Amino acid sequence: MSRAGLLGLALVGALVGCAAGNGDPGSPTMAKIRERGRLVCAVDGAVPGFSTVGPGGAFVGIDADFCRAVAAAVLGDPTKVEFRPVTAGERFVALSSGEVDLLSISSTHTLSRDAPGGNALSFGPVFFYDGQGVMVPAASGIRRLQDLAGKPICVESGTNTELNLADRMRELGITYQPLRFQSGEQAYPAYEQGRCAAITSDSSLLAAKRSGFKEPAAHGLLPELLSKEPSAKVTVQADPAWADAVRWVTHTLVQSEESGLTQANVEARRAAAKKDTSQAEQRRFLGIEGDFGRQLGLPADFTVQVVKAVGNYGELFERHLGSATPLGLERGLNRLWSRGGLHIAPPFR
Amino acid sequence: MAPVPPADPTPSPLSAPKRPAPKPPWWRDRRIVPWVVQAVVGLLVLLLIAFLLGNLIRNLTAAGLLLSWRWLQQPAGFDISESVIPFNAQLPYWRALAAGLVNTIRAVLVGLVGATLLGTLVGMASFSHNGLLRRLARVYVEVVRNIPLLLQLVFWYFVVFLTLPNGLAAIQLPGVVLAKSGLYIAGFGEGLRWMGPTLVNGVWQAPVRLSVEFGALLTGLIVYSGAFIAEVVRGGIAAVPKGQWEAASSLGLSWFATLRRIVLPQSLRVIVPGLNTQYISLAKNSSLAVAVGYTDLYSVAETTLNQTGRAVEVILVLLAAYLTLDLLISALMNGLNHLVQIRER
């Protein structure tokens, strides 16, 4: 090889070295997504408000829209998503085997799922604050957990709720009959047909499923919550750069609500901030100043793409879960930190 | 003694030429080539296995998930309502898996007996003189074996069993109650006192309880496998020469007596190998229990996998359990096959 060639190689090597230092984080998952031109996103597919197949055949719901937000951030196009419906039991295997890039399913963040010696998954910031509730037929006369002694309770197997139920019943010293179903598609019809005296899951999921019942008003939730269920979006631990990208897409949704950016006004705000150099924070967030997108391996304007595609967190919540929807959920803990809730985005700087 | 005459120097035209046959090169030698081929194939298979295992171990190491069995000792944390062996959430995972295995074996054993009885009756019915019975048997076989088992299980569970009345409205016979939650049978309860089914706080209780989940699984397995076994039995009976029927009827034996004493014993040697296949299928099909909420080995394994994240280990346990179960059934059936074969004298 000529000397010039060697020199050229060395130069390229040095450049690559630099790039690895503070430039493109080099996420294998993101490289794979760009190569195939679409994001493969796991959703439940059967929970109204979170992810269901809509009338037009497209997936709708807050979880489905999160997939679109990530696709918008990575590929600049929210439609480039391949939705993959998976059950609670198979979701983590689908993720760790590389079958899907991302889990956008209510998955509670727990130690054993997170730890390298456990499931070795990587959890993003909490996307939805929930608690495990118990739904009973309103006419059953069951008012508290103790009333369920000796009775059959439907539960989805392989979930956290199954363990919480066992824990709480053990604490209360109540014997009960757990009826374990592989998925909600069997558990909820069995409950609706009266096989179980109660069914337990995250309260939001219970409300979502109830909205699809023949008589939603005939079922009520017990006031007691069995657990806290902070659920987050999940990626594999082996690709921390990808986990970071997904994490900051969640933060983008929250930060944009805090900054008053909406699907409708984000473009106009960006144009305004471009001219007005005094809006330092807004300029950083919208990718006009600094190179925050590049540090994550995303386009500079990924925040704009996200908000343009799905709106901010508040818009997402109201569109799919809020009082105007059949679910009619209160925002409660899911309000912004500045309004008494728990959602807070770390500074974009 | 006359000296041995020297060997005839002129070779006979039939014997081999004097010059030894030219030794073929080794790649055309019948004694070497098969060995070489087998060695190469064997080596390739070993290489493939080594590659797959190496790949597994490399990737598991990279993901920090090398095979470990310590999780078997950790408390399972979930409950199983219908366990034959005592179980609670504080017991370790291996106890949960054992409880699941016992539940699987319970469903398989009862299923085998039920499917054999049903299949034999239907198989016999297809030779009946009664045309209605014959046609009913055909319709049953054709309908049932052409519908997927999963669909049938969901049908039995949601459409048949879950529409049973509940509570006080349950079907009550002396000593037996059939409700939406299960079948309750009288028996000896605590302190060996005879106890009938009683309604306590809206929930039926009895010494013997079979859940509707078990019922739906069992019904599905029996009806489905019964159709296949009926075909095996029909084939076995058809294989017995017609002359046997004629000889028996000329002796004055009735249809049923002919079948029972003459035809069925001879047809067993055709039926048993076919049954073996059906029994193994039934054992494997029992894992569809998850669809109807019956806690079998597969259902427990799935939860275990989810809680522990030990996918490879749990799947290995599953594979080993089903393989052992099926090999056991196979061995028993092969033994039975030996018994019913014709002894050559």
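Two strands count as paired if DSSP finds at least two bridges between them. This criterion is used in the first view of the structure, which is a predicted model.

**View 1. Strands E2, E3 and E4 of chain A form an open sheet.** The order of the three strands is E2-E3-E4, and their pairing is antiparallel. Strand E2 (46–47) and strand E4 (59–60) of chain A are the edge strands, each pairing on one side only. Strand E3 of chain A covers residues 51–53 and is joined to E2(A) by two bridges. Across this antiparallel pair, Val47(A) lies opposite Ser51(A), a residue of E3(A). Strands of a sheet pair through backbone hydrogen bonds, in either a parallel or an antiparallel sense.

**View 2. The fold of chain A contains 14 helices and twelve strands.** With a radius of gyration of 23 Å, close to the 20 Å that the globule rule gives for 349 residues, chain A is as compact as a globular protein of that length. Along the principal axes, the C-alpha atoms of chain A fill a box of roughly 85 × 50 × 40 Å. Of the 349 residues in chain A, 51% are buried. Among contacts in chain A with a separation of 6 or more, 73% are between residues 24 or more positions apart.

**View 3. Chain B and chain A meet in a contact that takes 25 residues from chain B and 30 residues from chain A.** On the side of chain B that touches chain A, the most residues come from helix H8 (residues 297–308) of chain B, which gives four. The residues on this side of chain B comprise ten nonpolar, twelve polar and three charged.

**View 4. Ala283(B) sits in helix H7 of chain B.** Helix H7 of chain B spans residues 255–285. Ala283(B) has 24 other C-beta atoms within 10 Å, so it is buried; the cut-off for a buried residue is 20 or more. Apart from neighbours within four places in sequence, the residues in contact with Ala283(B) are Val108(B), Leu325(B), Asp326(B) and Ile329(B).

**View 5. Ala283(B) is shown together with Pro265(B).** The two residues are 18 residues apart in sequence. From C-alpha to C-alpha, Ala283(B) and Pro265(B) are 26 Å apart in space.

Notes. Residues are numbered from 1 along each chain as its sequence is written. Chains are lettered from A and ligands numbered from 1 in the order in which they are written. This is a predicted model: local features need pLDDT of at least 70, side-chain atom pairs count only at pLDDT 80 or more; totals for chains, interfaces and linings use all residues. Two residues are in contact if their C-beta atoms, placed from the backbone, lie within 7 Å. Ala, Val, Leu, Ile, Met, Phe, Trp, Tyr, Cys and Pro count as nonpolar, Asp, Glu, Lys and Arg as charged, and the others, Gly among them, as polar. The radius of gyration is taken over C-alpha atoms; the globule rule is 2.2 Å times the number of residues to the power 0.38. A residue is buried if 20 or more other C-beta atoms lie within 10 Å of its own, exposed if 12 or fewer, and partly exposed in between; C-beta atoms are placed from the backbone.
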